[in-house]
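Keep the structure open as you read.

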Amino acid sequence: MESNPIPELLPGTLYLLILRTLSHGPLHGYAIVKRIKDASREGLRIEDGSLYPALNRMLVKGWLTSEWGVSENHRKARFYRLTPEGRKQLDKEAGEFDRLVRAIQLVMRTA
Amino acid sequence: MAFWNEIGNRIAWLFRRSRFDKELEEEVRFHIQARADELQQAGLTGADALRQARREFGSTLRSREEARSAWQMRWLEDLASDLRYAARALRRNRALALAAVGSLALGIGANTTIFSIAKEALFSEPSCRDPQSLVLISVSGNTWIPTSQYRFLEDAHAFDGLAGMNIQLVVNWRDGNRSYRLAGTHVTGNFFEVTGIPVAMGRPIERGESDVAVITHGFWTRRLGGDPNVVGRTLALDGKPYTVVGVLPRDHRMLAGFGFTPDLYLTKDPGEFMLYARLPRGMTRQAAYTRLQPICREMDRAYPDANRKWAKEVRLSAVGGTERLQEEGGSGVMPVVAFFAMLVIITAIVVLIACANVSSLLLARAFTRSREFAIRMSLGGSRGRLVRQLLAESLLLALLGTGAGLLLDLWLTRLLSRVHIPTPLPIELIVQPDRMLLAYSVALAFVVTLATGLVPALRGTRAGIGGALKEGGRQTGQAGYTLRNALVVGQLAVSIVLLSAGLLFIRNLIQATSFNAGFDTTHTIVSTIQGPSDRRGFVDTALERLRALPGVEAASPASVVPLNPFLAFNQPGGQFRPDAGSRTVRVQYNSNAVGPDYFRIMGIPILRGRTFLDSDRLGAPEVVILNENLARRLFGNTNPVGHILRFPNNRDTTVVGVARNCKYITLGEENAMAVYTPFSQQAARGFAHFFVRTRSAPETMVRKVDEALAGLDAASAVETHSMGEIFTGALLPSRLGAAILASMALFGLLLASIGLYGVLLYATEQRMREIGIRVALGATPGDVLAMVVGQSLRLVAVGMAIGLALAAVAVRPLSMFLVPEVRPADPMNFVAVASVLALVAGLATVAPTVRALRVDPAVALRHE
């Protein structure tokens, strides 16, 4: 199931990034990509092609819900919203990610 | 929980699949448009921006496909499409599918039916509250405990309750001007309270009540016409009015187990009880035992008895399920368990033979399709996928076969629950489908799927791409051939085993039917009468009446009816002292108290000495007649007449005669010992049997005898049968065994011969070209015949050899179900079985041979 479309991303971090991005409020797919690109100052790029499979897998897991709305330039777009389960998942994954990064940094500095 | 949510989401998705695709496409289009808008703002022209955005996005098709696969339950959809495909394939081959499903259904139906019955008869839990904490108590190695000892044990308050039940009693029910014998279970007042047996209507018997009864559903519907106002109604039982307080539910399962079902429960003290104790919560049986043991020792002090020590062999046993079986393993239950086990195995073998047929058919199809498989594999289809698809076909067959088999099972068990089985004991089995049956059937379907499908699927797809395409499947065809031959050999071998078992049971039935019971059953009527108040005078009047009937030659009372388990001999064992000397001989013997004419009525010759006389009555010297076996055992070759015999209870009697041996309890028994005492020297008992010898056929006289006795005493219940009827009951197990086994064996043989036929025909079709060439080159019809028949002979010979070797070992344990005259090792059995198989195999060979002989070289060479 889990394809790894972006070699630059650590495995599994795509979900984390999407969850985090949506934690401020619902966004459509394109906005998610853009928000991640901007926030990382173009350091992270999500391939457009792998975004939608990831979003759908998260819908299946019940972390997100989706609904149709109107975009800022007045087009019909699908907006994704975090569910309570999604928020729980975000907390969990964020904590795990922090621990992982701290551990890697420790190793990099001391070893 | 998350897992189930996910499954729910996926299933919900299945229902909006088409909308999903459309929306996803729209969403992707929006994404690309949004990017293009942005690029346009950065300075690109409209067309360039759109092109750039598209390029950046990559394959929209792949993206959408991946998004969709996030939702899909791949295996389920694959399975569904495989099943659809399999259904189509089966529809094209309707005859094949029907034959396969039909044979599987018959086998599975028989198998699950026997499973259901065995489960109900052996493993069912009794209807009561928390059977786990209820135990059956036995002291001094006996479950029958006298009332005074029951009171003693109850007063000790060792448990949460102690209740008694006596199932062995016959109750007279006076209804209008007729009396009927009912199977009554006598219970202590607290019985329902302690056991927590639920009632469907009214209420249970309560502590301290007397003269009340709870009736079973069967008695209520059969004998009382399902009277809705039955609660409160009075029944005249044994001359006393009893009030019906409750009706048990239809599915009431008695504590005694094995389907035993009385007509009613009533409060009465029959003198001895089986005791059931309710253990306090959490108390183990071991703990209960340590609590009971000292109480029994105390009982030994309170009721000293030279013959038994209460504290000896104290036991607490489970009341239901497998535990009870294990505990009663030593007693009469084991043969029943073994019998059911044998039937389950036999029917499972039939299922296997059916599986072999189906497997063989699928194998043939898999090989004819091997070219197709090779092409599919060369186009990138995985072998696993192909195997799965082939397995789907056998799964479908297995499901259909099991489904049809279950329907058959339901029908059969329904029939069985409704039909009253003519057993001497009131037995009613409530066989109902339940979760266990379902689980068993699912497991069976699974096994059938693998048994029929796995080998064809693996072998059919094994060839690989190159071989199959090059040679058009010739090579693999050869391999499949060997496999199918092996299957047929296996079927034939197993059929031999089945046939041997079936034949043994048929011979057993023939033997049992023609059995010389040692007495004459053709002109004898037996009438049983229960509960005359003044017995001595009653017996004399009854005999006078009977002898006065026209057509009656002689009449005699007896205390026991031979070959009737319900009224059976009890077999006391003890030490006899011939000539009242110091030599003791320990024997198990049957004992009957009979009138002077008994031997004449039954046609049992007195070989030495004399029969009883009217003068052998109470007060006169006690006399006894022995059968030959016992006479020889006690006195050797000396004539025992005139010798004194000291009974185990130290009573001295004089031997006055020796009667010829006959059968007493079962037709199969051998060398049984028997003692006859004069009926009039017996202590009075609650019931008597009257044996009547008629001049004409007894059937016409049954009614007259019945009426003559019924008119004597209104309070007594009379039941009259011809001896032939009683005999039929004794033959029931043999009949049942023979019917089931013989039909299973014939069915197995039929399936095996169909298998043989199929393989031979297939082989002939495959070798059509070869046969054509041979004929063209000058082979005679004799050569062609030899070819086909030769193959058949080889298969049958190998199958027979293996089968006979198997059967010689496998049927040996069956001797426990057979009369001694039928020996499983008898070579005649195997000769007969082998001839039957050879005959049927010959018939199965005819059509393929004819087919081969008709081969026209000109046509055959163009074949393919």
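Leaving aside neighbours within four places in sequence, which residues is Leu104(B) in contact with? They are Ala354(B), Val358(B), Leu397(B), Ala398(B), Gly401(B), Gly405(B) and Val448(B). Contact means C-beta atoms, placed from the backbone, within 7 Å.

This is a predicted model, in which local features need pLDDT of at least 70, side-chain atom pairs count only at pLDDT 80 or more, and totals for chains, interfaces and linings use all residues. Residues are numbered from 1 along each chain as its sequence is written, while chains are lettered from A and ligands numbered from 1 in the order in which they are written.

Leu104(B) belongs to the largest nonpolar core, which has 98 residues. A core is a set of buried Ala, Val, Leu, Ile, Met, Phe, Trp, Tyr and Cys residues joined through C-beta atoms within 7 Å; buried means 20 or more other C-beta atoms within 10 Å of a residue's own. Helix H12 (residues 333–368) of chain B gives the most to this core: 17 residues. Another core, of 54 residues, lies apart from it and includes Tyr676(B) and Met701(B).

How confident is the predictor? Chain B averages a pLDDT (confidence per residue, from 0 to 100) of 82. Helices (H or I) are DSSP runs of at least four residues, strands (E) of at least two. The complex has an ipTM of 0.86 and a pTM of 0.68.

Turn to chain A. Its open sheet has the order E1-E3-E2, with antiparallel pairing. Pairing requires at least two DSSP bridges. His28(A) stands opposite Phe79(A) in E3(A).

Definitions and conventions
pLDDT = per-residue confidence, 0-100. Buried ≥ 20, exposed ≤ 12 C-beta atoms within 10 Å, placed from the backbone. Contact = placed C-beta atoms within 7 Å.
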